[in-house]
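Biologist: I'm new to this one, could you walk me through it?
Modeller: Gladly, let's bring it up and start with a pair of charged side chains.

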Amino acid sequence: MEPTKAYRPENLHYLKMLARQYPNVQAASTEIINLHAIQNLPKGTEHFISDVHGEYEAFLHILNSASGVVREKLDDLFATTVSKADLDQLATLIYYPQEKLEEIERETADMREWYRITFHRLIEVCRLVSSKYTRSKVRKAMPPEYAYIIDEMIHTHYEDNDKRDYYENIISTIIDIDRASNFLVQLCELIKRLAVDHLHLVGDIFDRGPRADIILDSLMDYHSVDIQWGNHDVLWMGAASGSRTLVATVLVNSLRYNNLEVIETGYGISLRPLSVFANEVYKDCDTHRFEVKLSGADAAHYTEKDKLLSARMYKAITIILFKLEGQKILRNPCFNMSDRLLLDKIDYENKCITIGDVTYPLEDTDFPTVDPKNPYTLTPEEDALINQLTSSFLHSEKLQRHVRFLYSKGSLYKIYNGNLLFHGCIPMTEDGKLLTFSIGGKELSGKAFLDYADLTARRAYYSKPGSEEREFGMDFLWFLWAGRNSPIFGRDRMTTFERRLIADESTWVEPKNPYYRFYNDPAVCDALLKEFGLEGPHCHIVNGHVPVKSKKGESPMKAGGKLLVIDGGFCKAYQKTTGIAGYTLIYNSACFRLVSHEPFVGRANAIRENQDIASTSVVFERLESRMKISGTDVGRQLQEQINDLMDLLCAFRSGEIVEDHKD
């Protein structure tokens, strides 16, 4: 006889609530068996991507291909039985089923035979990628209208002649009733769904590339994802929260790189008020330092009049930004950024500025809206303009939906299955200690500061409009974007003023936080991991933000593999510097694998020519044995449930809780 177990009243109350779901020994025992079975399955595949910067075509291809995981499965199954050309086509079909199928239908004489062969192959792939999961989880991932059929086909043993006929009849019926194309698309989507169990996006969805909104739409449809906010994400989060400064910053960045499609087409925000203001107020101004960057394709479509208007708009919103940033710095001495107050340092008579102890000539001092006596005060017209633009950001339904998603799925850092994920850095001092911030009446560093920063960033969006919490939260989002040693900016200063107005490029330097020197040291990385409660041989820091200059021999692996920099390199502007299109990371039950990517050929070429992204995969760390779910965060949660159910069994058997055997 088992001894009677004593329960604290609150524990007994919890177990009585648990008994509503598992009302007797049989029910509790069955669930314990089920949970133990799940714990013994292999850990699912994790996919890490960073710094996609609006390059939606390349991002979607990496997402569809799971950084080569899908092609790897095809090679495992068919490398010795199917030609490379057919495998290339099959891979493209899985990545882009709707588009590729339309092309195949135009070019294939006997679609019935093609469907029959292709269904067999796709079911084999489905069977392989579903093998890590419980049958219940696979069933839930299936499209409802085909769940029974797919479940039957995956679990049919083809060697059995009776089952073979059954299998073939299912395929024939699907083709006969003209559901083949729809069924095929659903199969391909299921394969991609099962190839990766969880996606980590380590920051910077926005800016530089054309359509960050398309990327966010795809992430909102993804089955399991977390996001670590990058500096460019925080920028847009602040704009959507109502920060006039960050609205101005978004517009400055977008105008600078002629990247207005996401604003106007993606989010339906009109820039006409800015163009009218700029044409009126800046029509006679010098704008040579504010020419926007145009790619070859864009330049051909822009008239001189268009270029002049863009430069005027760019200059007008930049001056508004300088004023608003100055107001934030003056309002928040705790940001320790008074040296970045520069508008009041301009000597208009001599067209120069003194920064520190050095005086520099200015390329432009033609600022019709700046009052030298009150340089950080907006004119009434500027005030009305930025209010109108901010209102447009606040009332963009699609932008607000995306930013709510960023807040719900995102955070400044994430601890997941023994890895620490963040976009920028853990701010450090010159002597390698954690940098302390004096903010909010507290002295904070390391994890404590990131926790404070995360909460304050949320208050910018969720606190009551007009409240002190929301106003400071919006100021703090700007600090995260451009503040001294911000954990997601990671630099001493942002030199937008110098780049626009001073020719001396030595003033453009933005010194990196010492973290980027120390992160090559294994002992430092171990200490940072310990700061966040992580220890062990397979714990890593996964970092984005800083492009890896691979063409100069730089490795994405730092500190002997303890830290991994996976800046995706999706942004075309960075690829000349990096030499490749960046890195992604795959972590499955057997190993960690870094994947380096060449630039993407484009969606149309990928579909037409069956061209995948040229990638090189390197296994840099193998696990001693295949990791099971029991060794993951989910496994530990399952163990807690098992422990509770074991307590419930004990309570049933001791009579503390009466079983209910009703049907």
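Biologist: How do the side chains of Lys433 and Asp431 meet?
Modeller: The side chains of Lys433 and Asp431 form a salt bridge, at 3.6 Å from N to O, where a salt bridge is a side-chain nitrogen of Lys or Arg within 4 Å of a carboxyl oxygen of Asp or Glu. This is a predicted model, in which local features need pLDDT of at least 70 and side-chain atom pairs count only at pLDDT 80 or more, while totals for chains, interfaces and linings use all residues. Residues are numbered from 1 along each chain as its sequence is written, and side-chain values use heavy atoms, with hydrogens and water left out.

Biologist: Is Lys433 buried or exposed?
Modeller: Lys433 has a relative accessible area of 53% and is therefore exposed, given that buried means under 20%, exposed over 50% and partly exposed in between, with a 1.4 Å probe and protein chains only.

Biologist: What about Arg636, which partner does it have?
Modeller: Arg636 forms a salt bridge with Asp633, at 2.7 Å from N to O, and both residues lie in helix 28 (residues 633-654), three residues apart, about one turn of the helix. Helices here are DSSP runs of H or I with at least four residues, and strands are runs of E with at least two, numbered from the N terminus. Arg636 is partly exposed at 43% relative accessibility, and Asp633 is partly exposed at 22%.

Biologist: And how many salt bridges does the structure hold?
Modeller: The structure holds 39 salt bridges, and Arg211, Asp213, Asp217, Glu261 and Lys398 are linked in a network of them.
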